Amino acid sequence: MQKQSINFGNEVLTFKEYEKQIFSFACQYYPSYNQLAKALGITHKTAAKKIREYGLEHLVGKKYQMD
């Protein structure tokens, strides 16, 4: 998986906004919640909850085969 830097700009975002950015990027590179959770060091349950919370289901595995 490629690394991506977060642009802080001139404004500090909330933790939830940064968390959403992380999940938005990372979930595209893993074909399952289990693999995503392992990569992020969290449980499958937490990964699934956050993906649903942020409405990112459509991104899971999107770029998995592209790299």
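Guide: Let's start with Lys50, which sits in helix 3, the stretch covering residues 44–53. (Helices, H or I runs of at least four residues, and strands, E runs of at least two, come from DSSP and are numbered from the N terminus.) Before going on, keep in mind that this is a predicted model, in which local features need pLDDT of at least 70, side-chain atom pairs count only at pLDDT 80 or more, and totals for chains, interfaces and linings use all residues. Residues are numbered from 1 along each chain as its sequence is written, and side-chain values use heavy atoms, with hydrogens and water left out.

So, is Lys50 buried or exposed? Lys50 counts as buried, because its relative accessibility is 13%. (Buried is under 20% relative accessible area, exposed is over 50%, and partly exposed is in between, using a 1.4 Å probe and protein chains only.) Leaving aside residues up to four places away in sequence, Lys50 touches Lys16, Glu19 and Phe23. (A contact here is heavy atoms within 4.5 Å.)

Those partners take us to helix 1. Helix 1, residues 15–26, packs against helix 3 at an angle of about 105 degrees, and their axes are 10 Å apart. (Axes are lines fitted to C-alpha atoms, for helices over the stretch in contact, and angles between N-to-C directions run from 0 to 180 degrees.) Helix 1 and helix 3 are therefore roughly perpendicular. (Under 35 degrees is roughly parallel, over 145 roughly antiparallel, 65 to 115 roughly perpendicular, and the rest oblique.) On the helix 1 side, Lys16, Glu19 and Phe23 make the contact, and on the helix 3 side it is Ala47, Lys50, Ile51 and Glu53. Sorted by type, the residues where helix 1 meets helix 3 are 3 nonpolar, no polar and 4 charged. (Ala, Val, Leu, Ile, Met, Phe, Trp, Tyr, Cys and Pro count as nonpolar, Asp, Glu, Lys and Arg as charged, and the others, Gly among them, as polar.)

Now stay with helix 1 for a moment. Helix 1 has 12 residues and reaches 16 Å from first C-alpha to last, close to the 16 Å expected at 1.5 Å a residue. (That expected span is 1.5 Å times one less than the number of residues.) Tyr18, Glu19, Phe23, Ser24, Phe25 and Ala26 of helix 1 are buried. The cover over the buried residues of helix 1 includes helix 2 (33–40) and helix 3.

Lys49 is partly exposed, because its relative accessible area is 48%. From C-alpha to C-alpha, Lys49 and Tyr33 are 9.9 Å apart in space, though 16 residues apart in sequence.

Tyr33 brings in helix 2, where Tyr33, Asn34, Leu36 and Ala37 meet His44, Ala47, Ala48 and Ile51 of helix 3. That contact of helix 2 with helix 3 divides into 6 nonpolar, 2 polar and no charged residues. Helix 2 and helix 3 pack at about 105 degrees, with axes 8 Å apart. That angle makes helix 2 roughly perpendicular to helix 3.

Ala37 is buried, with a relative accessible area of 2%. Apart from residues up to four places away in sequence, Ala37 touches Ile42, Thr43, His44 and Ala47. Ala37 and Cys27 are 10 residues apart in sequence, and their C-alphas are 9.2 Å apart.

Finally, zoom out. The protein chain has 3 helices and 0 strands, running α-α-α from the N terminus. Of its 67 residues, 28% are buried.
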